[in-house]
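Biologist: I am new to this structure. Please take me closely through one part, and spell out each term as you go.

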Amino acid sequence: MENEIFYVKRNEGAEGVRTAFVFSCPGQEELKSGKLVNGQTGKNLDMMLEILNKEHPDIFPYTDRYSYRITNSSERVHYKAHDNRSEPKKDEILAAENLSRLMDDIRDYKYIITFGRCASLAVEAAVGQFCNDDKVIMYSQHLSFLSLNSSIKEDINGEPILRGSKDSTYKRLQVAARKICEQMKSRRKE
């Protein structure tokens, strides 16, 4: 199993949706289910979509993640027990065939939201190499507990978020959603 390479392909999404999400890479949960953004990260994305849907129903018409195009900076599955990685390497992301695949995945989408640094690197490289249209690209941290807990310490009102409190994840997702909305507002004016 160590030498085997596994892949999980993109989620198509609902017809007419103009928004795509790009994450880092599939992991063990995605390999088991065959669906991207599975497990807790997927639940967090659904919670975030409830917030974004209220703010921008034109761009986020659904609250279910599988209504959107979902892809990754790499289709290759990585997780600690398999290959001792949880992220793809930079050369894997920037390989010409991978960037071409990613561009095919996001080509028809106006709004692209990247989750994490690998996703941002991949989208910037793919769009820079293959695309000259008017895509609106927004950046967010990854939606894993580790990323949310380490990067967001205060709620949208500037109050400290107590780790482990009942609604701490929701408060952190509100902050992340607000950052996406702020980027969208500034990029739509450009």
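Modeller: Phe115 is buried, because its relative accessible area is 1%. Buried means under 20% relative accessible area, exposed over 50%, and partly exposed in between, with a 1.4 Å probe and protein chains only. This is a predicted model, where local features need pLDDT of at least 70, side-chain atom pairs count only at pLDDT 80 or more, and totals for chains, interfaces and linings use all residues. Residues are numbered from 1 along each chain as its sequence is written, and side-chain values use heavy atoms, with hydrogens and water left out.

Start with the rings. The whole structure holds four aromatic pairs. Rings of Phe, Tyr and Trp (its six-membered ring) pair if their centres lie within 6.5 Å; planes under 30 degrees apart count as stacked, over 60 as edge-to-face and the rest as tilted. Phe23 and Phe115 have ring centres 4.4 Å apart and planes at 10 degrees, so this pair is stacked. Helices (H or I, at least four residues) and strands (E, at least two) are DSSP runs, numbered from the N terminus. Phe23 is buried too, with a relative accessible area of 3%.

Next come two tyrosines. The ring centres of Tyr62 and Tyr68 are 6.4 Å apart and their planes stand at 80 degrees, so they pair edge-to-face. Tyr62 is partly exposed at 36% relative accessibility. Tyr68 is buried at 0%. Ring pairs join Phe21, Phe23, Tyr62, Tyr68 and Phe115 into a cluster.

Five of the five residues of S1 are buried. Thr19, Phe21 and Phe23 lie on one side, Ala20 and Val22 on the other, and both faces are covered. S1 pairs with S3 in the parallel sense, over four bridges. Two strands pair if DSSP finds at least two bridges between them. Here Phe21 stands opposite Ile113 in S3. Four bridges also join S1 to S2, again parallel. In that pairing Val22 stands opposite Thr71 of S2.

Leaving out residues up to four places away in sequence, Phe21 touches Leu45, Leu49, Phe60, Tyr68, Arg69, Ile70, Thr71, Ile113 and Phe115. Contact means heavy atoms within 4.5 Å.

Step back to the core. A nonpolar core is a set of buried Ala, Val, Leu, Ile, Met, Phe, Trp, Tyr and Cys residues joined through side-chain atoms within 4.5 Å. The largest one has 35 residues, and Phe21, Met48, Phe60, Phe115 and Ile180 have the most contacts inside it. S1, helix H2 (39-55), S3, S4 and helix H8 (168-189) each supply at least two of its residues. H8 gives the most, with seven. A second, separate core of 17 residues includes Ala20, Ile106, Tyr109 and Cys131. In soluble globular proteins, nonpolar side chains tend to be buried together.

Helices also pack here. The buried residues of H5 are set against S1, strand S2 (69-72), H4, S3 and H6. In H6, the buried residues are Cys118, Ala119, Ser120, Ala122, Val123, Ala126 and Val127. Their cover includes S1 and S3.
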